[in-house]
Amino acid sequence: MEKSDEIKIRLLQVAKNKGISYEKFFKDFGTTYENFKGKSLKSSLRSKVLGDFSQEYPDIDLNWLITGKRKIEKEKENLVMEEPDNYENNYKDKYLEVLEENRQLSKELIAQLKKTEN
């Protein structure tokens, strides 16, 4: 299967999953469903269709649409688990920062409660 075939099949999946008729779905991108079935499935896809699609459906992962892999899967492939040099110090500093913020918020809350009681 060619890459353009796979992309077109994934576009069909999106339309189906969203419950939109193929005719309406593709009309919104300036093309027709005829370009996504039979021998036309093997023809190349205009980049404008992908651009319009990404504008209309920003919730759909374009990496998945083009490669078939979810962005998260791709990131996991490239992920190298290494601890930062100052991991413990960074963690401790962040904890103390959040603790101080919590103290301040508690003081403000108590002050607000006292105001409402009066």
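This briefing describes salt bridges in a predicted model. Local features require pLDDT of at least 70, side-chain atom pairs count only at pLDDT 80 or more, and totals for chains, interfaces and linings use all residues. Residues are numbered from 1 along each chain as its sequence is written, and side-chain values use heavy atoms, with hydrogens and water left out. Across the whole structure, a search finds 6 salt bridges (a side-chain nitrogen of Lys or Arg within 4 Å of a carboxyl oxygen of Asp or Glu). Helices are DSSP runs of H or I with at least four residues, numbered from the N terminus.

**A link between distant parts of the chain**

- Asp-59 and Lys-18 form a salt bridge through their side chains, with an N to O distance of 3.1 Å.
- This pair joins distant parts of the chain, 41 residues apart: Lys-18 belongs to helix H1 (residues 3-18), and Asp-59 to the loop between helix H3 (47-56) and helix H4 (62-67).
- Asp-59 is exposed at 55% relative accessible area, whereas Lys-18 is partly exposed at 35% (buried is under 20%, exposed over 50%, partly exposed in between, with a 1.4 Å probe and protein chains only).

**Pairs within helix H6**

- Lys-94 and Glu-97 meet in a salt bridge of 3.7 Å, N to O.
- Lys-94 and Glu-97 are 3 residues apart in helix H6 (residues 87-117), about one helical turn.
- Lys-94 is partly exposed at 48% relative accessibility, and Glu-97 is partly exposed at 47%.
- In the salt bridge between Glu-100 and Arg-103, the closest N and O atoms are 3.6 Å apart.
- Helix H6 also holds both Glu-100 and Arg-103, which lie 3 residues apart, about one turn of the helix.
- Glu-100 is partly exposed, at 36% relative accessible area, and Arg-103 is partly exposed at 48%.

Methods: Helices (H or I, at least four residues) and strands (E, at least two) are DSSP runs, numbered from the N terminus.
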